[in-house]
Amino acid sequence: MANYYSDHPEIGFYLNHPLMKRIVELKERNFEDAKNFDYAPVDLGDAIENYKQILDITGDVAANIIAPNSESVDLEGPHLENGRMIYASKTFENLDATRKAGLWGVSMPRRYGGLNLPNAVFSMLSEVISAADAGFQNIWSLQSCIDTLYEFGSEEQRQKYIPRVCAGEGMSMDLTEPDAGSDLQRVMLKATFDEKENCWRLNGVKRFITNGDSDIHLVLARSEEGTKDGRGLSMFIYDKRQGGVDVRHIEHKLGIHGSPTCELTYKNAKAELCGSTRMGLIKYVMALMNGARLGIAAQSVGLSQEAYNEGLAYAKERQQFGDKIINFPAVYDMLARMKAKLDAGRSLLYQTACYVDVYKCLEDIERDRKLTPEEKQELKKYQRLADAFTPLAKGMNSEYANQNAYDAISIHGGSGFIMEYKCQRLYRDARIFSIYEGTTQLQVVAAIRYISNGTMLQNIKDMLESEELKTKNEELNALKARVEKLIPVYEDALNYAKSLDNQDAFDFLARRLYDMTCGLVMSLLIIRDAIKAPELFQKSAQVYVRMTEEDVIGKSAYIKTFQMEDLNNFKAAEPEA
């Protein structure tokens, strides 16, 4: 029987990530939960086995329920009835299966009914579910919104809402509006305090809200009258049981049809303040978005895997000119690049997730006791790494998912353009990944300060010198040497871009610097993985390093020949009438 986890040993490999021991140690807090919960682990080995069992269950549900339902869900989609969103019929089956499997509220502490899983394992679950149906992964993964409520809400709110999510109730984050997309400072949904009822009331419209008719909403609204920027925004919790919010419209989208995207009208809807006023955008949405971006990275890796699977299976079967097309250089080059992007992107995903886990666990511990000076330094270190790596993981994996889905269609030829083949759905689904939760251009903006100030350059040099990259494997040492030769090329290009001393020019070149940075980081990560598991990653390491050479040398040449007057050649100008 198929299993989307065990069929891909590359996923389970990351349960042995160098940081996993520390993550389990922090997450389980000396395994104290074992005294009160019979399903809590008693040691590191038990925790890893627990993760494997959950992943295996998820892989089974994904392969044998969610994936077979995906075509029906894509064709039917959700619909609107009397101001309510109704899921596609097979989506209800998916929800029922994941609830019965206990796959909701998985990141939450056991005292609230959760499984206390780290971000890295949650990302693995997301990847597996996305491979089966990226649209359903959207609905399922939004349970991670509860992390923000857990971090910033009161204990009363935790007791009230977290067990409901652990039981399988859905969530949404209601941020964007018709006039506030990427620029969330322009949010105008109005929040006013009702003195008589001792609650907040929300009025206005939200647009492009994923899973918008969910049970529990986190809502960004303007609580400070007269303000027009982010300092006037607060975060609120809206409970669907209270009423006051209707679905006005469900968007008809290119892809992810199973994931309802709603326009909502708030009419005096009762809500609770989450955390403090004025911190909604400045603090809480930033935390929410970073978690969501890691979720999109995992979603992207899952779809990349499925696109590669589809392309590989077709190439093995399809014959042209008396031979299987997998034997044609143009095709096996395409497949090798798809696999290299998949493997390198997955490594970046789990590296980032592990960084997030360490600092989030320490933040959680800090709620109960003072951290030691060493722990404070550790928290700061991994928070900086997580902030630097998250936009790389989201941006590159979402782009790779699009490229792999595109290539899967190319391998299918004309058949790939026919709706009966899965690759067309993967292509349609992937397109949104590099747009929502911050476009790739916004990921570049988020990452570029860590690139321009030399943080990422130092990270790359530190990775190169780490114990993890020391090996007696001559082939991998040769690859490592090739990457090492690229670092001064990258550094020269970075210094040249900064020497132009012009913000427009630097912004123009930023995407190229970002791509080069990501290529170098992922090259070193995939070499590291190949040292530990050459049977899984050595081929991809060879291909990916060559791709990075091609990219870094080419983009460096572009940057170092760039002149200020070149900007004028790229500025769009409408001809005068």
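Student: Hi! How many helices and strands does the chain have?
Tutor: The chain has 18 helices and 11 strands, taken as DSSP runs (H or I of at least four residues for helices, E of at least two for strands) and numbered from the N terminus. This is a predicted model, where local features need pLDDT of at least 70, side-chain atom pairs count only at pLDDT 80 or more, and totals for chains, interfaces and linings use all residues. Residues are numbered from 1 along each chain as its sequence is written, and side-chain values use heavy atoms, leaving out hydrogens and water.

Student: Which residues have the most contacts inside the largest nonpolar core?
Tutor: They are Tyr51, Leu202, Tyr266, Ile451 and Met456, in a core of 161 residues. Such a core is a set of buried Ala, Val, Leu, Ile, Met, Phe, Trp, Tyr and Cys residues joined through side-chain atoms within 4.5 Å; buried means under 20% relative accessible area with a 1.4 Å probe, protein chains only.

Student: Nice, and which helix gives the most to this core?
Tutor: Helix α10, residues 329-366, with 18 residues. There is also a second, separate core of 31 residues, including Cys166 and Ile237.

Student: What does isoleucine 451 touch?
Tutor: Leaving aside residues up to four places away in sequence, isoleucine 451 touches Met456, Tyr490, Leu494, Leu513, Tyr514 and Thr517. Contact means heavy atoms within 4.5 Å.

Student: New topic: how much of the chain counts as buried?
Tutor: Of its 577 residues, 57% do.

Student: And what does the C-alpha trace span?
Tutor: About 70 × 60 × 60 Å along its principal axes.

Terms used:
Buried < 20%, exposed > 50% of the residue type's maximum accessible area, 1.4 Å probe, protein only.
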